[in-house]
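The stops below go from the domains to the ligand and then to the core.

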Amino acid sequence: KSHKDWWHHSVVYQIYPRSFYDSNGDGIGDIPGITMKLDYLKKLGADIIWLSPIYDSPNYDNGYDIRDYQRIMTEFGTMEDFDILLREMKKRELKLVMDLVVNHTSDEHPWFIESKKGKNNPYRDFYHWQPGTDGHPPNKWRACFGGSCWTYDILTGEYYLHTFTEKQPDLNWENPRVREEVYKIMRWWLDKGVDGFRMDVINFISKVPGYPEGNFIGDGQYTDGSKYFINGPTVHQHLQEMHEKVLQHYNVVTVGECPGAHLKDAELFSSPARKELNMIFTFEHMDLDGGKWTPKLLNLRVLKRFFTTWQQGLYKKGWNSLYWNNHDQPRIVSRWGNDSEPYRVISAKMLATCLHFLCGTPYIYQGEEIGMTNVRFSSLADYRDIETTNFHRDAVNQGLPLDAIMAAVYAKSRDNARTPVQWSGQLPHGGFSEGAVDVSPWIGVNPNYTHINVEQALSDPQSIFYYYQKLVELRRQMPIIVHGKYDILHEENTHIFMYKRSNENGQELIVACNFSQQPIKIDDNQLSQRLRNHKQVLISNYEQEGKEDWLDFRPYEAWALET
Ligand code: TEU
Ligand code: CA
């Protein structure tokens with residue numbers, strides 16, 4: 001598959017290495033551990049593996065704070081381990097996408113260490129340094145994980161900008177030397193043979209000059225500066241330059257992680273004619289069930305509207321990425337499905353059906369394929385994520401009651417996605433740590449590993465795993481799933497998400513998903529008649545023998561028919 005747009009018909013599997021598989025029993029997932037599981041991923045049908053950061057890092061934000069872009073994190077292994085992984089992947093025709101985190105570096109990166117040394121240091125302008133006014137930071141922007149976006153440095157008496165934690169200073173992309181250094185790093189990995197990049201918060205790289213003050217939020221201590229650092233004035237120019245100087249010379253795939261990017265931005269980023277990126281991750285659908293720490297119920301009609309807007313809006317103009325999960329989001333079966341028995345398996349399959357028949361490149365996040373759920377640690381001390389622990393600190397200071405804090409953490413903490421992959425029902429760590437008995441994993445295993453685990457899934461022909469495998473296989477076999485036109489059906493229905501895919505040859509698929517626990521019946525005689533005469537059931541999460549009326553839905557029922 002050397003075709004230029006090979007990523008159109010590929011399925012991506014995301015690995016968060018720290019939690020994937022620990023090969024040497026130190027409680028931390030590692031690169032040899034990934035190599036050992038490649039056959040498992042191949043069996044699932046993945047074409048591409050996206051690896052969350054594996055570079056040298058002090059791990060303030062689990063590798064999203066990079067100290068050296070050309071070294072492997074010691075805990076994960078060596079460069080030799082990486083080369084073996086890449087070689088073993090190529091043998092299996094698996095592509096590798098690396099995480100490129102270049103909106104910011106670690107404050108322990110040599111560039112920042114130099115930059116701190118003095119106002120005239122040659123690296124000073126690699127970052128955003130500002131004098132501040134009357135002993136205050138240049139503005140009151142709130143950082144993404146709480147606190148101010150500015151940290152004071154005593155040596156030169158100036159502040160540096162960080163849109164995330166103070167351990168993650170933002171690079172100054174207006175400095176051409178910064179851009180050249182980034183391109184060098186990219187070429188170095190591409191020349192090694194990697195197949196592309198997932199670019200961390202890449203739409204944050206351009207800041208509005210002068211760092212204008214935002215509107216006050218919350219208790220008035222901070223402002224929202226996002227409109228001055230998200231989708232900023234030079235972001236497209238920089239990406240076009242990156243394409244020209246680096247990307248166009250390789251046959252690779254790129255996906256930009258873009259919080260706060262909407263349809264129009266997505267078109268700009270992913271339109272092939274503009275030569276920027278292949279696709280982006282939007283956050284629009286992830287933001288539909290409340291604020292980060294103020295969860296509320298999902299309104300299905302709003303989710304349907306989101307997908308319809310993006311499916312139609314990017315059709316033949318750009319390209320969609322399709323995802324329910326990643327290392328920053330709670331587990332989808334707990335979030336918009338139902339993780340209590342008897343509905344966990346059926347609702348996980350329903351969600352998979354809904355996503356995998358859409359137009360775009362689907363992403364599967366580790367553990368999703370076996371229906372891993374959110375975790376509820378009893379103590380905050382068991383949580384590791386910096387966003388979660390910062391939230392806790394701020395919420396306690398604001399006097400929020402502990403049970404409200406824990407409820408928010410249970411619903412939304414990023415650690416929900418970061419508990420170790422449950423490989424087996426084996427004590428004590430669900431098969432995550434090879435040989436470790438007395439060493440605890442860096443974060444606790446979800447206690448439900450005793451019944452939710454890979455070993456169980458592989459031994460059960462009805463498992464979520466084999467359902468995903470079938471979805472991936474269908475996509476491989478049916479170009480209409482990759483390229484067909486999308487239309488919504490029964491748009492107003494509040495429980496059923498139903499859509500059609502069609503192509504110029506008159507081929508047509510209908511996909512329907514009941515997002516609720518209730519049985520639902522749709523009144524539509526004409527459609528019901530047509531469905532009765534369907535050509536083929538492609539997949540369903542229920543036994544469909546002798547089905548009378550396709551529009552009579554059981555709890556969380558999902559099916560896809562060729563009509
Ligand atoms: O995430 C970007 C981002 O916007 C996150 O703040 C996200 O909204 C949040 O985690 C949801 O809880 C990327 C990475 O995926 C994340 O892991 C990093 O912490 C962050 O950038 C900084 O590099
Ligand atoms: Ca290890």
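Start by colouring the protein chain by domain: domain 1 covers 6-105 + 176-378 + 421-464, domain 2 covers 110-161 and domain 3 covers 483-562, with bounds taken from an automatic or database domain assignment. The C-alpha centres of domain 2 and domain 3 are 56 Å apart.

This is a predicted model, in which local features need pLDDT of at least 70 and side-chain atom pairs count only at pLDDT 80 or more, while totals for chains, interfaces and linings use all residues. Residues are numbered from 1 along each chain as its sequence is written, and chains are lettered from A and ligands numbered from 1 in the order in which they are written.

Next, select ligand 1. Around ligand 1 are 14 residues, the closest being Y64, C144, F164, P259 and D328 (C-beta atom, placed from the backbone, within 6 Å of the ligand). By class, this shell has six nonpolar, one polar and seven charged residues (Ala, Val, Leu, Ile, Met, Phe, Trp, Tyr, Cys and Pro are nonpolar; Asp, Glu, Lys and Arg charged; the others, Gly among them, polar).

Now show I49, I280 and L351, which have the most contacts inside the largest nonpolar core, a set of 136 residues. Such a core joins buried Ala, Val, Leu, Ile, Met, Phe, Trp, Tyr and Cys residues through C-beta atoms within 7 Å, buried meaning that 20 or more other C-beta atoms, placed from the backbone, lie within 10 Å of the residue's own.

Finish at W293, Y383, F391 and A408, which are among the five residues of a second, separate core.

Technical notes:
A residue is buried if 20 or more other C-beta atoms lie within 10 Å of its own, exposed if 12 or fewer, and partly exposed in between; C-beta atoms are placed from the backbone.
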